[in-house]
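Subject: Two-chain model, with notes

Hello,

Here is the structure you were going to look over. My notes follow it.

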Amino acid sequence: MPLLEVSNLHVRLHTHRGPAYAVRDVSFTLERGETLGLVGESGCGKSITVMALMGLLPESAQVTGSIRFDGQELTAKSDPQMCEIRGNRIGMIFQEPMTALNPVHSIGRQVAEPLRLHRGLSASAARKEAISLLDRVGIPQAARRIDAYPHQFSGGQRQRVTIAMALACGPDLLIADEPTTALDVTIQQQILELISDLVAERGMALMLISHDLGVIAQNVARMLVMYGGSVVESGPTEAVFAHRMHPYTLGLFAARPGLLSQKGRKLATIAGSVPELVDLPAGCPFAGRCRFTIPECHVTVPPPHQVEPGHHVRCIRLEAVAAEKAAPTPTLPREGREEEAA
Amino acid sequence: MNAPLLQVENLVREYTMPRERLLEPPHKVHALNGVSFVIEAGRSMGIVGESGSGKSTLARLVMALDQPTSGSVKLLGRDLHALPREQLRQARRDIQMVFQDPYGSLDPRQTIERIVTEPLAAQGDTARAEQHRRAADAVTSVGLRANDLRKYPHEFSGGQRQRIAIARALITRPRLIVADEPVSALDVSVQAQVLNLMQDLQAEFGITYMLISHDLAVVRHLCDDVAVLWQGRIVEQGPPERLFSAAEHPYTRALLEAVPKAEPARRKARPSGLPHGTGR
């Protein structure tokens, strides 16, 4: 039995502009100790997917489909029942450590809070445990700094503190939502190394959400590419990087400026902009921005198509994409002269 | 005129911290510690460094939004910090700025026309009709339409807002645009559109950029020279081809190594529970 099994998850949010289908038919599984990455741009539904797992969606949200975590159905759980899982069996690291931490409580108290709540430790036992956790995540002189407040730490150290909080109860699943986006590159590397060491050491499963393909490449074994609320491509990281097939994934890779790219070379762009979840097209969410669009694309959401073992792509134009990839002339990088449709 | 477009000489900016002890002098932070460089017209300069390295202090001083403790900033030979107020205002037409956050840098209550023409209005020597014509030109050159001028910022996406911010910078026909992290708030696919636009404007209007970024790849894409700023000093400087392939300063090397490569690496072997079906 997988640790986490999400099947046919749909999330509909109520906004002042009408219903928004933020997650459409998302299915994936995660085994114990496995690492999974979620890539996509803002508004693609990756954070909403995570919020659904954590039971943190707004009350008006409608969730259908199933989220099974360690055999239990999470979508059927009440709020108090979810509280027992959150922070206990599932730990989470957020993007902005300063907003994730409470500025008026000492870090020791915040790291000890889940220990007291979920494991019922006494204040002194929780404090001792908090010191060893802070020590493990690399806060220097943890015993002396445990009574310090968040503002007395640097951004990277604050993120280490939130990691200690997420780890406190020894969760089975660690969810990291853009954990390094607010940090400098050199700090980013240290934090990612810390997370991957901890995941290996404790046998946790990791779900890493990022918009950065580099971060995904280096840190997870399997990945999902999300666009417009659905998973457009999924598979082992190496397979997706080596044989990416979905036009959106191709566009995303081509749009990245490289360190070794030639100055003055045009970047390939994806015409248009990310659709708003409120007015998603009926069919493939990428239809319209995609060069391979045919009328059928607008009709239904394409089913996942297996291109190699474990590697699925939701696209009905794969032959055309494959034909272009095989063509000797490099037509892909030049697609990008179209202007953003105003 | 032979003066370089921008000449920054021995720029120092200290900030005085709040006094901690009554009888001791307050601490000082050296945000910039003697920075010198020259930007020649047509050779865009990238400034890279991490937070706290002094990048934004440098931008503020170059834009004459802040006074240096010592040192000078010369734009086309004129020392911006020594100019009388009225002449400084005139000099500002040659230098404009694009900010990081296109949501924060456009006033939500003003129309695009008002936002884009504000630098001209501040110069105070352009008639309204002429302002409108120039605004229409500016938004067209960034790929928007002239009738977008009547709209408000909330009607645009992040990438389009950054185009509006660029149009505002273009309207005085500046020689130098200081861009502070112009694409870091944008999504990857939209980032590419804005970078291509900045590149086109470079060729079309002969604009030179002073591009401040933590993203080495973005700098590589637009700039002819790069300066690496670390703890308020320039530790290494040169064309990106050389700097990125044969960095000399350990900090530059550390910065380069820290950039995650978009190639799946052989990660450390996981002790147990290797995912099934991943083919390894």
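**Helix pairs within each chain**

In chain A, residues A:Gly108, A:Val111, A:Ala112, A:Leu115 and A:Arg116 of α4(A) meet A:Ala126, A:Arg127, A:Glu129, A:Ala130, A:Leu133 and A:Leu134 of α5(A). Contact here means that the C-beta atoms of two residues, placed from the backbone, lie within 7 Å. By class, this contact has seven nonpolar, one polar and three charged residues. Ala, Val, Leu, Ile, Met, Phe, Trp, Tyr, Cys and Pro count as nonpolar, Asp, Glu, Lys and Arg as charged, and the others, Gly among them, as polar.

This is a predicted model: local features need pLDDT of at least 70, side-chain atom pairs count only at pLDDT 80 or more, and totals for chains, interfaces and linings use all residues. Residues are numbered from 1 along each chain as its sequence is written, while chains are lettered from A and ligands numbered from 1 in the order in which they are written.

Helix α4(A) covers residues 107–119 and α5(A) residues 123–136; their axes come within 9 Å and cross at roughly 115°. Axes are lines fitted to C-alpha atoms, for helices over the stretch in contact, and angles run from 0 to 180 degrees between N-to-C directions. Helices (H or I, at least four residues) and strands (E, at least two) are DSSP runs, numbered from the N terminus. The crossing of α4(A) and α5(A) is right-handed. A crossing is left-handed if the near helix is turned anticlockwise from the far one by less than a right angle, and right-handed if clockwise.

In chain B, α3(B) (residues 112–123) and α4(B) (residues 128–141) have axes that come within 9 Å and cross at roughly 120°. α3(B) passes α4(B) in a right-handed crossing. On the α3(B) side the contact is made by B:Glu113, B:Val116, B:Thr117, B:Leu120 and B:Ala121, and on the α4(B) side by B:Gln131, B:His132, B:Arg134, B:Ala135, B:Ala138 and B:Val139. These residues divide into six nonpolar, three polar and two charged.

**Sheets**

Chain A has an open sheet of four strands in the order β2-β1-β4-β5, with antiparallel pairing. β2(A) (18–30) and β5(A) (72–73) stand at the edges with a single partner strand each, so one side of each is left without a neighbour in the sheet. Two strands pair if DSSP finds at least two bridges between them. β1(A), residues 4–15, pairs with β2(A) in the antiparallel sense over nine bridges, and A:Thr15 stands opposite A:Gly18 in β2(A). Helix α1(A), residues 46–54, lies across β1, β2 and β4 (62–69) of chain A and runs at about 70° to β2(A).

Chain B also holds four strands in an open sheet, ordered β2-β1-β4-β5 with antiparallel pairing. Its edge strands are β2(B) (28–39) and β5(B) (78–79), each of which pairs on one side only. Nine bridges join β1(B), residues 6–16, to the antiparallel β2(B); B:Thr16 has B:Lys28 as its bridge partner there. Helix α1(B), residues 55–62, packs on this sheet and touches β1, β2 and β4 (70–75) of chain B, its direction making about 120° with that of β1(B).

**Where the chains meet**

The contact between the chains takes 49 residues from chain A and 46 residues from chain B. On the chain B side, α5 (158–170), α6 (188–205), α7 (216–222), α8 (240–245) and α9 each supply at least two residues. The largest share, eight residues, comes from α6(B). By class, the chain B side has 20 nonpolar, 17 polar and nine charged residues.

One helix pair spans the two chains: the axes of α8(A) (residues 185–202) and α9(B) (residues 250–258) come within 8 Å and cross at roughly 50°. The two are therefore oblique to each other (angles under 35 degrees count as roughly parallel, over 145 as roughly antiparallel, 65 to 115 as roughly perpendicular and the rest as oblique). Their crossing is left-handed. A:Val185, A:Thr186, A:Gln188 and A:Gln189 meet B:Ala254, B:Leu255 and B:Ala258, a set of four nonpolar, three polar and no charged residues.

Regards
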